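Work through the exercises below with the model open. Each task is followed by a stepwise solution.

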Amino acid sequence: MKTTFLTIAALTIGTKAYECRTDVFSGLIPSNATLNYATYIAENGTFGDEWAAGNATYLPEGCAVGFKVPTENSSYFHVALYLPYKWNNRFMTTGNGGYGGFTNWPVIGQLSQYGFATVSTDTGHRSGHDGGRWALNNPEGIINWGWRALHSTVLIAKDIVHQYYNHPISYSYYAACSTGGRQGLKEIQEFPDDFDGALVGAPAWWMNHLSPYNAWLSNNNLPANASYHITAQQIAALAKEAMVQCDPQDGIIDNIILDPKACNFNINALSCSAAGSNASMCFNDDQLKLAKTVVRDWVHNDELIFPAYSLGADLTPILNVADKPTPLGSDWILYFLLNATSYDWSKLNESIVDLSDYIDPGNAQADQYDISAFAQKGGKLIHYHGYADGIIPTEASRVYRDRTSKAMTAAGYNIDDFYRFFYIPGMGHCSGGAYAPWYIGAAYQAKAMKNIPAGVPGYNDRYHDAVLALIAWTENGTPPDYLVGTKFEDDDGSKPVLRQRPICPYPQKATYVSGDVNLASSWTCASTNREAIPPRS
């Protein structure tokens, strides 16, 4: 079987256009916008602005441009755009994380190295991923964060790119994770012409339920002096016990739970009355009852409110609380829903979800399942989620995929023709995994690695690199029948590859066949030709 590979170098077809000067961009940005900078960057340069989450590194030679755009009632958003002098005739947008407001220069840096003209917005405020206080008394800011800033950024940036290079954009793409994943889904639902292809990771698409769920779940672990309170040590013990029980059940003992949903988990093994229990790590009866709540879906009156976190996920960010629920949920309730600075958390129950659905702050929720307009124009969506995600429950992605499949089937579409969803066993939130081959070159992932500015060293092809997989599918009609996850030693791209494994499109699963378990060629997906999985060299 002949395999065609795409490489980063093969994409570079553009040429240098205008010089990087403020007078050039003063004439290209909207008339009501304010230019913040137009800065020339030499090859392998570093750059970040005052609104950035960090610096871009290893930038190709090009021009960094930033400007401020006003919106309703004195609200605004900032735009950060990078224009490589060797342009690949393609446009790329990236997103944000959590409630954060920042120009995402680290990811701009990663994606620009493919040759994309790449853009990001701070969505109209400055905060970290966890901080939502900016939403207090700020309805226009919430709308900007919800959808308006990103969509407006795309329209403005596309126009600038076209004019700057004096050449039309061939294809427009999106790549981001978490809130960035939500933003991407929102875009293809509401504005299907914005992108030709989207790479969406761990999307926080169901915000009206996700944030209340995180608040509710962590609130169950309060107060800290309660008999049922689970300590940080016990949170770790819950994840460890899941690994002990679930890892062997998938047939390969490798510290990776391939399918947490298929695990027959006996939570009573954590009980202090169990044989051989550790007094400092075991759970008393009240704690065991809480642990059972943690591993079960949040259901009320037989209706799913939100799926539980997967077995083996590190729930420290959600459960390790002292005085109030995690800000990943409490900030939503305080500042987005109640527009208040305090709340009696003892009153928190399912009714907060009804309020969240009713208000739908900023129209941020990406819950339109009929995406016929995106499919009809030839759009392609690659969606992935780490099975060990401890910030956004993985099964929320399956809920979205299944509901979209139902809607699109009813509309006469075969969902696999334009949308593929991939579980990544052992991967945490967007990236990371102590043992799992999780790295697929997606947005945010290079930031979590050492000595990898972009792509997958030694494997710059559509199988190992999800960005190249999206390009191949969108432009050449070559669907991603599987991806290959890579685990480098110490997550360092300059060190040897420890293991690789196929990542299969749902509902297929990676299945061991024979040979070295650390080689992708020793595994298969349900309907994938095993020989087509390239072996590690």
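**Exercise 1.** Is Cys20 buried or exposed?

*Solution.* Start with the ground rules. This is a predicted model, where local features need pLDDT of at least 70, side-chain atom pairs count only at pLDDT 80 or more, and totals for chains, interfaces and linings use all residues. Residues are numbered from 1 along each chain as its sequence is written, and side-chain values use heavy atoms, with hydrogens and water left out. Next, the cut-offs: buried means under 20% relative accessible area, exposed over 50%, and partly exposed in between (1.4 Å probe, protein chains only). Cys20 has a relative accessible area of 14%, so Cys20 is buried.

**Exercise 2.** Find the partner of Cys20 and describe the link.

*Solution.* Step one: apply the criterion. A disulfide is a pair of cysteine sulfur atoms within 2.5 Å. Cys20 is joined to Cys63, S to S 2.0 Å. Step two: take the torsion. It is 65 degrees about the S-S bond of Cys20 and Cys63, a right-handed link. Cys20 sits in the segment before helix H1 (22–26) and Cys63 in strand S4 (residues 62–70), so the bond ties parts 43 residues apart in sequence. Helices (H or I, at least four residues) and strands (E, at least two) are DSSP runs, numbered from the N terminus. Step four: check Cys63. Its relative accessible area is 0%, so Cys63 is buried.

**Exercise 3.** Characterise the disulfide of Cys177 and Cys430.

*Solution.* The sulfur atoms of Cys177 and Cys430 lie 2.0 Å apart. The torsion about their S-S bond is about -95 degrees, so this disulfide is left-handed. Cys177 belongs to strand S8 (residues 171–177), Cys430 to the loop between strand S13 (419–424) and helix H13 (466–476); the pair therefore ties parts 253 residues apart in sequence. Both cysteines are buried.

**Exercise 4.** How many disulfides does a search of the whole structure find, and which pattern do they follow?

*Solution.* The search finds 5. Counting bonded cysteines along the chain, the pattern is 1-2, 3-8, 4-5, 6-7, 9-10.
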